[in-house]
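Here are my notes on this one, as promised. Have the model open while you read, and work through the points in order.

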Amino acid sequence: MHVTDLLQLEALDLAVLWAEDDLLAREISGVTATDLADPSRFLQQGEIVLSGLVWWQDGDSRAKADRFVTALRTAGAPALLAGEETHGAVPDALVESCRAHGLALLAVPAHTSFRAITDEVYLRQWGDLSRRQDDHYALPGNVRTELSRLLAASAPLDALLDQALAHLGGPACSVVSATGRTVAVAASAAADARAAGPAGTGARTGLRVDAESSAYDAWYLRLPGGADQVPPRVLYEIADVVARYRQGRAGRDAAVRRRATELLAAIDSTPATGGDSDGKSLMTPLRACGLPEQGPYRVISAVAGQRPDDATAALTEALRHLPGVRFAVGQLPDGGTAAVLHEPGAGEPDAVRRLADLWPALHACAPSRALHAGAGDPAATAADLHGSLVQARYALSAVRLERPSVEPGAAARLVTMADLTSLDALLAGIPTDVRAVFSARTLGPLADESRAAHRVLLETLEAFLAHNASWARTAEAMHLHVNTVHYRVQRIEFLTGRDLSRLDHKLDLRAALICRPGR
């Protein structure tokens with residue numbers, strides 16, 4: 001299908017704002033709908049871009065339009081289809097930017113839905129494929145035609161599997177995620193799916209579906225009875241059908257993430273001590289994400305290596321293992337990843353406890369990558385969500401500083417505030433630079449460990465505090481005379497300005513020892 005084909009569909013009522021003939025002749029491989037100001041990471045070569053222009057505000061500079069258009073050109077988008085509903089018309093700055101950068105621009109009137117455009121693209125695309133010579137395919141022509149119709153109608157993936165396998169007698173087939181979650185199952189395989197093992201069992205086996213995904217949310221086409229039940233060419237064509245189904249769903253998933261990102265931004269900017277103490281400002285974004293207006297809720301923050309998209313995929317995949325738990329996963333204003341979930345009712349298993357059990361299966365998807373999460377305490381109301389977010393961030397910081405990297409075989413971790421029950425765990429969440437400054441100022445001259453005398457005094461201080469400030473037990477543990485311990489403690493008190501007979505000063509020095517760089 002080509003860009004010009006869209007203009008010939010009268011039902012869409014599209015208008016060319018700027019384009020040259022060679023641009024209209026470019027081929028379309030798919031559709032991406034976005035309202036991000038910089039959508040580059042979500043775009044794929046050959047996909048037209050649908051945008052409602054929510055990212056544009058009256059008075060914005062031409063430079064903002066240039067950045068958006070440049071991202072589309074760099075990603076290889078054949079055309080931009082801009083909606084007129086938000087602003088009444090496509091901004092002149094965007095038209096000029098498309099002209100300057102050589103990107104075809106089509107206007108989408110308010111009465112034409114983006115869904116209608118998407119359906120037409122995939123219907124035409126599959127229709128073109130079905131008209132090729134039959135010997136090019138292993139699936140029969142009537143099967144391909146019916147699959148095209150089902151894809152255009154956004155039919156469930158289960159129905160697509162049933163249709164694709166019916167002419168072979170309906171062998172058992174399913175689609176599973178990288179963690180072993182059943183995504184879809186053909187009717188003939190329903191019993192096998194119900195009898196499936198725990199998360200991770202049989203994961204990452206079968207034919208991988210070639211679609212945009214990470215290690216955490218990849219899909220696999222599986223035949224429990226063995227791949228010899230289906231000819232290889234048929235199996236690959238079915239995998240391609242599944243990939244196209246997922247590609248068609250990608251736009252809807254992106255819209256869900258954007259709504260979750262808006263909710264997280266609202267939570268982040270609405271502290272419980274602010275003017276919105278009852279959380280009324282969160283009602284609209286909560287509803288947009290499909291979350292109830294009444295709690296309890298919980299916020300979970302996650303990190304997977306250096307890529308926020310991987311953390312989003314990992315957290316989403318984990319939460320999809322929890323039936324009955326409603327959630328929204330998006331990006332925080334600081335670039336981190338977080339989820340807001342609605343906790344199950346009384347008597348139901350704790351969602352975070354079930355997530356902790358799933359975490360090793362997620363980690364197994366990318367064993368060399370740091371995968372950690374922090375969970376805040378339950379939030380009884382929307383007004384308490386900010387506090388749960390703060391706690392989730394702190395718990396994540398604590399586990400990241402405690403385990404800054406994951407070595408092969410090491411388990412990833414999901415930490416809750418309930419896990420921070422010691423001074424060591426509490427201090428682990430404080431940024432490294434802050435810990436270093438606190439330690440240096442509290443220990444004073446003793447912080448300079450390049451001097452042998454200071455190292456001896458620090459060793460004595462650690463032993464003294466570890467033995468509850470007992471002179472005798474410290475002397476025994478260090479094989480010293482009690483008078484030597486007395487002398488060293490006096491030197492420590494002089495150099496640090498602290499009195500080790502006082503509990504608060506003991507705690508200060510204990511915290512300073514924990515916060516030393518490299519500890």
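1. Strand 6 (residues 174-177) pairs with strand 9 (residues 219-222) in the antiparallel sense, over 4 bridges. Look for V176: its bridge partner in strand 9 is Y220. Two strands count as paired if DSSP finds at least two bridges between them. The strands (E, at least two residues) and helices (H or I, at least four) are DSSP runs, numbered from the N terminus.

2. Before you go further, note that this is a predicted model: local features need pLDDT of at least 70 and side-chain atom pairs count only at pLDDT 80 or more, while totals for chains, interfaces and linings use all residues. Residues are numbered from 1 along each chain as its sequence is written, and side-chain values use heavy atoms, with hydrogens and water left out.

3. Now zoom out to the sheet around that pair. It is an open one of 4 strands in the order 7-6-9-8, with antiparallel pairing. Strand 7 (182-185) and strand 8 (207-208) are at the edges with a single partner strand each, so one side of each has no neighbour in the sheet. Helix 7 (residues 157-165) packs on this sheet, touching strand 6, strand 7 and strand 9; contact means heavy atoms within 4.5 Å. The direction of helix 7 makes about 45 degrees with that of strand 7. Axes here are lines fitted to C-alpha atoms, for helices over the stretch in contact, and angles run from 0 to 180 degrees between N-to-C directions.

4. There's another open sheet, with 5 strands in the order 11-12-10-13-14 and mixed pairing. Strand 11 (326-331) and strand 14 (413-416) are the edge strands, each pairing on one side only. Strand 11 and strand 12 (residues 337-342) pair in the antiparallel sense over 6 bridges, and A328 sits opposite V340 in strand 12. Helix 9 (residues 232-268) lies across strand 11 and strand 12, at about 80 degrees to strand 11.

5. Which residues of helix 18 are buried? They are V485, R488, V489, I492, L495 and T496. These cover an arc of only 130 degrees around the axis, which puts them on the same side of helix 18; the arc is that of the directions from the helix axis to the C-beta atoms. On the other side, N483, Y487, Q490 and F494 are exposed. Buried means under 20% relative accessible area and exposed over 50%, with partly exposed in between (1.4 Å probe, protein chains only). The buried residues of helix 18 pack against helix 15 (432-443), helix 16 (452-466), helix 17 (471-478) and helix 19 (503-514).
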